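My notes follow the order in which I looked.

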Amino acid sequence: MDFKERYSDKDINNLIFERWSPRAFSGKPIDEQKLMNILEAARWAPSCFNDQPWRFIVAAAEKDRAVVIEALADTNKLWAKNAPVLVAVASRTSFSHNDKPNRWNGFDAGCAWGYLALEARRQGLYAHAMGGFDKLKLKELLELPDEYELYAVVAIGELASIDVLSEELRGREKPSERKPLENIVHFGKYQVK
Ligand SMILES: Cc1cc2nc3c(=O)[nH]c(=O)nc-3n(C[C@H](O)[C@H](O)[C@H](O)COP(=O)(O)O)c2cc1C
């Protein structure tokens, strides 16, 4: 598929067009070096006060994956069980230097996930974020201290044939569209559009 033609006439990094969130994962284990490269990319995200509030709890071993899968919404379990790596993205809600609330922590963790997803694509893999999981249950299962918010679980792996998916999910297995730029960009001040 020519992603660039599909998405935009603007001149931007191709990797951005090539990233999308598939559900057909092959289950093939990820090369450890590739996984560390992907996490390294996330490490270099910018953050308020350079606090780097993100934490990545990686489930690659079978027993760890089973724990994360248990907390996923049923609709996500269906496909995410095939992803060889599941990464819970947590973030510290207060600054580490003074313990005051860090209201930018979610913004920063979101940026780190974006870096992770792009690097995954560059490594020949795909990353698919999920907000559909039982947050309290997963926090407990992962023994995450109270000062962390759990934002997402990210499935990472190689793309498989859509045959691994149910018929319903097969229909959704394609890159999605975006709102036009003029709908989301406001020059000067906010205008009702
Ligand atoms: C924070 C977040 C939560 C999401 N939660 C889910 C989810 O629970 N299940 C799912 O299948 N996809 C989930 N997605 C994937 C989005 O639906 C997807 O990113 C969006 O439709 C845009 O498609 P694309 O990533 O293929 O470009 C989530 C994405 C993000 C960033």
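**Ligand contacts**

I looked first at polar contacts (pairs of N or O atoms within 3.5 Å), and found a nitrogen atom of the ligand 2.8 Å from an N or O atom in the side chain of His128. A ligand nitrogen also lies 2.8 Å from a polar backbone atom of Gly131, and a ligand oxygen is 3.0 Å from a polar backbone atom of Gly132. On its own the ligand has 620 Å² of accessible area (Shrake-Rupley, 1.4 Å probe), of which the protein covers 63%.

I note that the model is predicted, that local features need pLDDT of at least 70 and side-chain atom pairs 80 or more, and that totals for chains, interfaces and linings use all residues. Residues are numbered from 1 along each chain as its sequence is written, and side-chain values use heavy atoms, without hydrogens and water.

**Shell around the ligand**

I listed 14 residues around the ligand (a heavy atom within 4 Å), the closest being Ser21, Asn76, His128, Gly131 and Arg178. By class the shell holds five nonpolar, six polar (Gly is counted here) and three charged residues. Helix H5 (74-80) and strand S3 (126-130) each give two or more residues, and S3 gives the most, with three.

**Helix H3**

I then turned to H3 (residues 32-43), whose twelve residues reach 16 Å from first C-alpha to last, close to the 16 Å expected at 1.5 Å a residue. Its buried residues (under 20% relative accessible area) are Leu35, Ile38, Leu39, Ala41 and Ala42. They sit on the same side of H3 because they cover an arc of only 150° around the axis, taken from the directions to the C-beta atoms.

How values were computed:
A polar contact is a pair of N or O atoms within 3.5 Å; within protein, one must be able to donate a hydrogen and the other to accept it, and residues adjacent in sequence count only if both atoms are side-chain atoms. Helices (H or I, at least four residues) and strands (E, at least two) are DSSP runs, numbered from the N terminus. The expected span of a helix is 1.5 Å times one less than its number of residues. Buried means under 20% relative accessible area, exposed over 50%, partly exposed in between (1.4 Å probe, protein chains only).
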